[in-house]
Amino acid sequence: PPGPPGLPLLGNVYDIPRPTPWVTYRDLAAKYGDVICVRLLGHPVIVLSSLTAVNDLLEKRSAVYSDRPTPV
């Protein structure tokens, strides 16, 4: 998913303020879309910023993203 460019190793740690991170995520969603990828200390973090994206990825396609074996 798209997202803001970050620093090497640190990623987007300094782009997300501590007191009001939801405001920053809202602004990033307006710029990059409903599904955003930010990197925090080298780890990718996926931010879903709309109910449609949440339902689509976590409800409809949950079997694709789950690492549990499916029952036969």
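At 12% relative accessibility, Val47 counts as buried; buried means under 20% relative accessible area, exposed over 50%, and partly exposed in between, with a 1.4 Å probe and protein chains only. Not counting residues up to four places away in sequence, Val47 touches Tyr25, Asp34, Val35, Ile36 and Val38, a contact being heavy atoms within 4.5 Å. For Tyr25, the separation from Val47 is 22 residues in sequence and 7.8 Å in space, C-alpha to C-alpha.

A word on what you are looking at. This is a predicted model, in which local features need pLDDT of at least 70 and side-chain atom pairs count only at pLDDT 80 or more, while totals for chains, interfaces and linings use all residues. Residues are numbered from 1 along each chain as its sequence is written, and side-chain values use heavy atoms, with hydrogens and water left out.

Now step back to the whole chain. The protein has three helices and two strands, and from the N terminus on these elements run α-β-β-α-α. The radius of gyration is 14 Å, well over the 11 Å that the globule rule gives for 72 residues, so the protein is more spread out than a compact globule. Here the radius of gyration is taken over C-alpha atoms, and the globule rule is 2.2 Å times the number of residues to the power 0.38. Taken along the principal axes, the C-alpha atoms fill a box of roughly 45 × 25 × 20 Å.

Burial and surface come next. Of the 72 residues, 19% count as buried. The protein exposes about 5,700 Å², of which carbon and sulfur atoms supply 61%; these accessible areas come from the Shrake-Rupley method with a 1.4 Å probe, and for residues only the protein chains shown count as cover. Among contacts between residues at least 6 apart in sequence, 42% join residues at least 24 apart. As for charge, there are 7 positive and 6 negative side chains, and the centres of the two sets lie 3 Å apart. Lys and Arg count as positive and Asp and Glu as negative, with His and the chain ends not counted; each charge is placed at NZ of Lys, CZ of Arg, CG of Asp or CD of Glu.

Let us return to strand E2, which also holds Pro44. Leaving out residues up to four places away in sequence, Pro44 touches Cys37, Val38 and Arg39. The C-alpha atom of Pro44 is separated by 9.8 Å from that of Asn12, 32 residues apart along the chain. Asn12 itself lies in the segment before H1 and is buried, with a relative accessible area of 2%. Beyond its neighbours within four places in sequence, Asn12 is in contact with Pro4, Pro5, Gly6, Val38, Arg39 and Leu40.

Pro5 is found in the segment before H1 and counts as exposed at 69% relative accessibility. Leaving aside neighbours within four places in sequence, Pro5 is in contact with Asn12, Asp15 and Tyr32. From Pro5 to Thr52, 47 residues apart along the chain, the C-alpha atoms are separated by 25 Å. Gly3 is also found in the segment before H1, and it is partly exposed, with a relative accessible area of 25%. Gly3 touches Tyr32, Ile36 and Cys37, again not counting residues up to four places away in sequence. The C-alpha atoms of Gly3 and Val13, 10 residues apart along the chain, are separated by 13 Å.

Leu9, in the segment before helix H1 (21–32), has a positive phi of about 70° although it is not a glycine. Leu9 is exposed, with a relative accessible area of 77%. Leu41 has a positive phi of about 55°, and it is not a glycine either. Leu41 is found in the loop between strand E1 (35–40) and E2, and at 55% relative accessibility it counts as exposed.

Ser50 lies in the loop between strand E2 (43–48) and helix H2 (51–60), and it is buried, with a relative accessible area of 17%. A polar atom of the Ser50 side chain lies 3.1 Å from the backbone nitrogen of Ala53.

Methods
Helix = DSSP H or I, 4+ residues; strand = E, 2+ residues; numbered from the N terminus. Polar contact = N/O pair within 3.5 Å; in protein donor to acceptor, adjacent residues only side chain to side chain.
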